[in-house]
Each structure stands twice: as C-alpha cells, then as structure tokens.
Amino acid sequence: MSPAALFSLVFVVLLLSDLAVRTWLSARQMRYVAGHRDRVPAEFADRINLASHQRAADYTRARVRLGIIEHAYDAAVLLAMTLLGGLQWLDRAVGQITDHALPRQLLLLVAVAAAMGVLGLPFTLWRQFRLEARFGFNRMTPALFVADVAKGIALGLVLGLPLAAAVLWLMGRAGPAWWLWAWGLWVAFNLLLLFIYPMFIAPLFNKFTPLADEKLADRIRQLALRCGFALGGLFVMDGSRRSGHGNAYFTACMAICLPRLYP
C-alpha cells in the first residue's frame with residue numbers, strides 16, 4: 001500500500017470513528033432526556049411546571065437529532081471535498097481565472113468557503129425557520145437573515161482576506177518558522193478583534209442603547225467594582241430580534257450588554 005493510500009485510509013477511519021462516537025453520545029443524550037421527560041427535577045419543581053419541562057426536553061431531542069444528521073452530512077461533504085476531488089475541481093476552476101500564485105490561493109479559499117456555506121445552508125435554514133420556529137424561539141425574518149448573511153460575507157472579505165493573504169505570504173517568505181510567525185499574526189488579529197467587535201462589528205447586527213434603569217445599573221456597577229471590573233458602559237441589546245433565547249456577555253472594552261428578552 002502506497003503512503004498516499006495509507007494516509008487516505010487512516011483519514012477515513014478517523015473520520016468515521018469521530019462520526020460514530022458523536023452519534024453514540026448524541027443517542028445516549030436523547031435517551032437520557034426522554035427517560036426524564038415526564039418528571040421535573042426536584043430542585044426546580046417549584047419554579048418550572050411539567051409542560052415547560054417537557055417542551056424543553058422535546059426541543060433538546062429535536063436539536064440533537066438534527067445534529068446527528070448534520071454531522072453525517074458534514075462527513076460526506078468532507079469526503080467529497082478531499083478524497084473525491086472536490087478541492088481539485090475547485091482549484092482547476094480557479095486556475096482558469098488566474099495563474100498568479102497568491103491571487104489563485106486566495107480565490108481558492110473564497111471558493112471553498114462559498115461552497116461550504118452553500119452546502120450548509122439547508123441545515124441553517126431548517127434550524128432557524130423550522131426547528132426554532134416550531135418551539136416558538138425564532139424571530140428571524142427572511143429579510144433579516146439575508147441581511148445578516150450579506151454582512152457576514154462582507155466582514156469575511158474585509159477582515160479574512162487580508163489575514164489569509166498575510167499567512168500565505170509568510171508561508172512563502174518566512175522559511176521553516178513560518179508557522180510561528182503565522183501564529184503570532186493570528187494571536188494579534190484575535191486580540192484586535194476583541195476590541196473592535198463591540199465598537200464596530202456588533203452594532204452592524206444589533207442596536208445598543210444605554211441601560212435606562214439607574215437602580216439596576218448602580219447594582220451592576222457595585223458588583224463590577226467588587227469583582228475588580230472597570231466598566232466602560234452598560235447597554236441593552238435588542239437580542240430578541242432574531243431569537244427568543246437570551247443571554248448576557250462581557251466584551252473586551254469592559255461593557256456589559258444585557259439583551260432585551262421581550263420586544
């Protein structure tokens with residue numbers, strides 16, 4: 001057996017093993033959730049009724065079941081892109097546009113990202129507009145979905161392409177230690193993102209307004225003071241525009257964003 005054939009065999013075995021383990025764990029989770037669906041845990045019995053508990057269990061099982069199908073689909077796509085020649089076909093197609101090394105490599109990355117995005121779109125749409133809507137969580141409109149995708153693509157081109165070009169340049173010019181320079185660039189890029197995200201990127205997708213409840217704001221400031229956090233601001237995010245799920249997060253610029261759980 002040639003080294004290439006052996007590598008391909010090992011790749012397939014590892015990929016299928018990963019898929020099998022993920023499927024087994026997901027099946028165990030679904031069985032456990034199903035087995036405890038009809039009884040609220042004692043710790044939450046005074047705060048959660050049985051109907052809400054069952055709804056949460058059904059939602060979890062539906063998400064996990066979709067995840068099993070998606071993992072199998074992703075494995076098939078990966079095999080098609082690698083061993084079955086998908087990447088080679090894309091590279092030949094890009095080669096018809098340009099033969100210059102760096103532009104060709106960047107176009108190949110864009111083509112692969114576009115192909116993976118299109119292939120994964122059915123699951124994204126199903127999850128958002130069928131699964132989430134079935135359980136009353138979806139608040140995303142088709143127009144907002146398209147706008148989010150367009151903004152995401154634009155950000156990927158503006159931020160991702162220069163980074164990819166820099167890494168490819170380092171691969172060709174920095175010698176055997178290129179990976180160390182690329183790692184340093186990646187770290188610096190992520191640190192930069194931590195600071196520019198809350199100020200420039202997040203406002204492209206959500207609206208942030210200062211927290212109007214002074215009593216609540218004062219309590220949060222006191223908590224932050226005790227914990228050693230220096231706050232740059234407290235804002236309310238219109239997190240309910242896309243989903244009924246809610247959370248809160250700290251950003252690198254030391255601002256706390258509290259999503260508005262109800263429109």
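We will go through a side chain, a helix and a pair of strands in this predicted model.

Trainee: Is Glu70 buried or exposed?
Mentor: Buried here means under 20% relative accessible area. Glu70 has 18% relative accessibility, so Glu70 counts as buried. You will find Glu70 in helix 2, which covers residues 50-81.

Trainee: Which residues is Glu70 in contact with, leaving aside its neighbours within four places in sequence?
Mentor: Those are Phe123 and Arg127. With Arg127 there is a polar contact, side chain to side chain, at 2.2 Å.

Trainee: Now helix 6: how far apart are its end C-alpha atoms?
Mentor: A straight helix would reach 40 Å at 1.5 Å a residue, but the ends of this 28-residue helix (178-205) are only 35 Å apart.

Trainee: Where does helix 6 bend?
Mentor: Look at Tyr197, where helix 6 bends by about 70°. A proline, Pro198, follows within four residues.

Trainee: Which residues of helix 6 are buried?
Mentor: Start with the general idea: an α-helix has 3.6 residues a turn, so residues three or four places apart point the same way. In helix 6, the buried residues are Ala182, Phe189, Ile196, Pro198, Ile201, Ala202 and Phe205. Their cover includes helix 5 (142-173) and strand 1 (208-210).

Trainee: And how do strand 1 and strand 2 run?
Mentor: They run antiparallel, joined by three bridges. Strand 2 (233-237) is mostly covered, with four of its five residues buried.

Key. Residues numbered from 1 in each chain as written. Predicted model: local features only at pLDDT ≥ 70, side-chain atom pairs only at ≥ 80, totals over all residues. Heavy atoms only, no water. Helix = DSSP H or I, 4+ residues; strand = E, 2+ residues; numbered from the N terminus. Buried < 20%, exposed > 50% of the residue type's maximum accessible area, 1.4 Å probe, protein only. Polar contact = N/O pair within 3.5 Å; in protein donor to acceptor, adjacent residues only side chain to side chain. Contact = heavy atoms within 4.5 Å. Expected span 1.5 Å × (residues − 1). Bend = angle between axes of the 7 residues up to and from the residue. Pairing = 2+ DSSP bridges.
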